[in-house]
Amino acid sequence: MAVCGFCRSTLVRHDADLENLGKMAELAEDRSPFKLRFRGKYRTVGFELIGRLQLKYEHGYWNEWYARFDDGRLGWISEGSGLCYVTFEQTIKTLLPEWAAFKPGMTAKLGGKAYTVSNIELAHCVAAEGELPFQATPGYEAPAVDLRSETGFASLDYSESPPKVYLGQAATLDELIDPAAPTDTPKPTRTQARAFKCSSCGAPLSASGPDIRAVGCGHCGAVVDPKDANLAIISKSHPFTQQPKLAMGTQGKLRGRRYTVIGYLRRSTRIDGLSYYWDEYLLHSTEVGYVWLTESDGHWNLAKPVTRQPALKPGTQPVARFLDRDYKHFQRCQTEVVQVLGEFTWKVRVGETSSVDDYISPPYLLSAEWTKQELSWTMSEYLPVAEVTAAFKPTRALPEPVGIAANQPAPSSGSGRYWAGFAGFAVLALLLQFVFVTRAWEKPVWQGQLDMPLGEAKASLTTPPIRIEGERNLVIRQDANLDNRWLYSDISLVNSKTGETFRLGREVSYYHGSDSDGSWSEGSSDDEALISDVPAGDYVLEVEAETEPGKPELSNRIQLVRDVPIWSNFWILLLLLLVAPLLAWFRSHSFESQRWAQSDYASGEEDDD
């Protein structure tokens, strides 16, 4: 089939014969980035668009472009609202169920590969242009089912029996544009805004493009269908009490793209009998199509549709795996649209409900939104309020965030480079301290013995002068032959010249025996005491010992050792180095506890199962 671009005549070829079916309906204007004869590139293969089907479904329009690829294949590029899918017709052995048997979220196998149903629509053909591989007439029904996998996309066309199967992958607009395409490649045309009055209150409204399917009035709360000849009211709410923080028509540059704020939704959910609200702004860019900017309690997110099906791992706390990243389930809620303002590409209604599952991996949030006909996934990235302010420059200051958002990044105690440097410093400091400790000389300066005769309770000892060279750490060690006995020593290290004295008292005791529970012992017969930073000079060691009277002879071996390793310095350094990481951990732990306290797993932290 071919449609003449000049007179709109529809020609159908039957083998060698041509049949003229009359005039084809005019295509509805839209914001499609493609035109007939557009040349692009998919991966490494160029293509040319040679035909188009324009389909209308409940919420808007969808284009199916017929493409001739340079490698000889013929395929389809489905496009709408900035999303693109490249598919090719496939023959599979799988017996497909009836169209009505499909439900969003159910799993279906095509050619041995599992797909998840994401959309079920009963579309109607609006018009066609160019060359197509079958006869298409305006108004014919096209029941379709879209499915997604982790790496692919599938579409089932139930307009024929048996249904046709198309398999392929999602692609961004940037991935389909060929920079080397000829300069005469058709470019999309700009559309003019249409002005009209609200059919409820008469306030001035406008639709900036032909793909706008609903316009919300900020005066009376009505939502109007701009495509309807009588501007039918889709739904109506109370007049606005909550004005958007970003005015309609505001323009700004965010993450390198220029956007215009064209729509505003206020949604709510009820948890434990309380209502919670958040705002969603629809942004349009001529470069990337439509995205969302969401705000809740001063926390902002940039949200984009996801074209692949995340892998779901069930459990006490489900996990979604997407693009080599795990997202933990945060909460499930029922949402309702309570206010609508501005333009939308689908027939949004006040009172419209959906179920939402949120999965988080800060600063990202992955959301699955369920309706009776559709399962859609959205990826959101947390934005600092300063970035939103810098991008759109609102007339009123945006409020500071309150509380902690589900995907808000934990406060940083330093960059990755900072912590890498800190770790390197800590390892070096501990290594040097360890070397200093283990390389200590531990050289004996003096050693001798204090004997206590049989039955005596006291004894004393004074050493000859002991030379200490340089400032040293000294240890006084004692080893006595105690047997169910104690020994107390009053020890003084006296500088012979200055009289400076280092004095300490040490007690050792050792007892043992047996009872009904068996043998026992307590205490020790040896002891050591540290004297730090002893200045150089000549010293005398004086020991006054005392024990129990009437006991056997006692011998106490005494040794004075210099340059002993002081492990206490090592452990003090280690403790000091741990302070910063421990404070960072405590801060992060407290932050995460507050985050998860607002989730469906409100035990203070996420479930690790």
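## Strands E30 and E39 and their sheet

In this predicted model, strand E30 and strand E39 (residues 554-562) run antiparallel and are joined by nine bridges. One of the residues involved is aspartate 451, whose bridge partner in E39 is serine 555.

The two strands belong to an open sheet of four strands, in the order E30-E39-E33-E37, with antiparallel pairing. Its edges are formed by strand E30 (443-452) and strand E37 (526-534), each of which pairs on one side only. On average, neighbouring strands of this sheet are turned by 15° against each other, direction ignored. Strands of a sheet pair through backbone hydrogen bonds, either parallel or antiparallel.

## Nonpolar cores

The largest nonpolar core has 27 residues. Leu487, Leu493, Leu541 and Ile558 are the residues with the most contacts inside this core. Strand E38 (residues 537-547) supplies the largest share of the core, namely four residues. A second, separate core has 26 residues, including Ala203, Ile212, Cys220 and Tyr290. In soluble globular proteins, nonpolar side chains tend to be buried together.

What is leucine 541 in contact with, leaving aside its neighbours within four places in sequence? Its partners are Trp446, Leu461, Thr462, Thr463, Ile466, Ile476, Ile491, Ser492, Leu493 and Ile558. Two of these partners, Leu493 and Ile558, are also named among the residues with the most contacts inside the core.

Strand E12 (residues 153-157) is largely enclosed by the rest of the structure, because five of its five residues are buried. Phe153, Ser155 and Asp157 point one way from E12, while Ala154 and Leu156 point the other way. In a regular strand the side chains alternate between the two faces of the sheet.

E12 pairs with strand E11 (residues 141-148), and the two run antiparallel, joined by five bridges. Arginine 148 stands opposite phenylalanine 153 of E12. E11 and E12 form a hairpin, with four residues between them. E12 also pairs with strand E13 (residues 164-171), again in the antiparallel sense and over five bridges. Here aspartate 157 has lysine 164 in E13 as its bridge partner. These two strands form a hairpin as well, with six residues between E12 and E13.

## Asparagine 119

Asparagine 119 lies in strand E10 (residues 113-131). Is asparagine 119 buried or exposed? Its relative accessible area is 15%, and the cut-off for buried is under 20%, so asparagine 119 counts as buried. Leaving aside neighbours within four places in sequence, asparagine 119 is in contact with Ala144, Val145, Asp146, Gln373 and Glu374.

## Aromatic pairs

The structure has 16 aromatic pairs. In one of them, phenylalanine 34 and phenylalanine 38 have ring centres 5.1 Å apart and planes at 65°, so the pair is edge-to-face. Both residues are buried: phenylalanine 34 has a relative accessible area of 1%, and phenylalanine 38 has one of 8%. Ring pairs link Phe34, Phe38 and Trp65 into a cluster.

Another edge-to-face pair is formed by phenylalanine 102 and tyrosine 158, with 6.2 Å from centre to centre and 70° between the planes. This pair links distant parts of the chain, as the two residues are 56 residues apart. Phenylalanine 102 sits in the loop between strand E8 (83-90) and strand E9 (107-110), and tyrosine 158 in the loop between E12 and E13. Phenylalanine 102 is buried, with a relative accessible area of 3%. Tyrosine 158 is buried too, at 14%.

## Cysteines

How many disulfides does the structure hold? The count is zero. Cysteine 198 is therefore in no disulfide: the nearest cysteine sulfur, that of cysteine 220, is 3.7 Å away, whereas a disulfide requires sulfur atoms within 2.5 Å. A disulfide is a covalent bond between the sulfur atoms of two cysteines.

Cysteine 198 counts as buried, at 4% relative accessibility. Cysteine 125 is also buried, with a relative accessible area of 4%. Cys220, whose sulfur is the nearest one to cysteine 198, is included in the second core of 26 residues.

Definitions and conventions: Residues numbered from 1 in each chain as written. Predicted model: local features only at pLDDT ≥ 70, side-chain atom pairs only at ≥ 80, totals over all residues. Heavy atoms only, no water. Core = buried A, V, L, I, M, F, W, Y, C linked by side-chain atoms within 4.5 Å. Buried < 20%, exposed > 50% of the residue type's maximum accessible area, 1.4 Å probe, protein only. Contact = heavy atoms within 4.5 Å. Pairing = 2+ DSSP bridges. Axes fitted to C-alpha atoms, helices over the stretch in contact; angles between N-to-C directions. Phe/Tyr/Trp six-rings, centres within 6.5 Å; stacked < 30°, edge-to-face > 60°.
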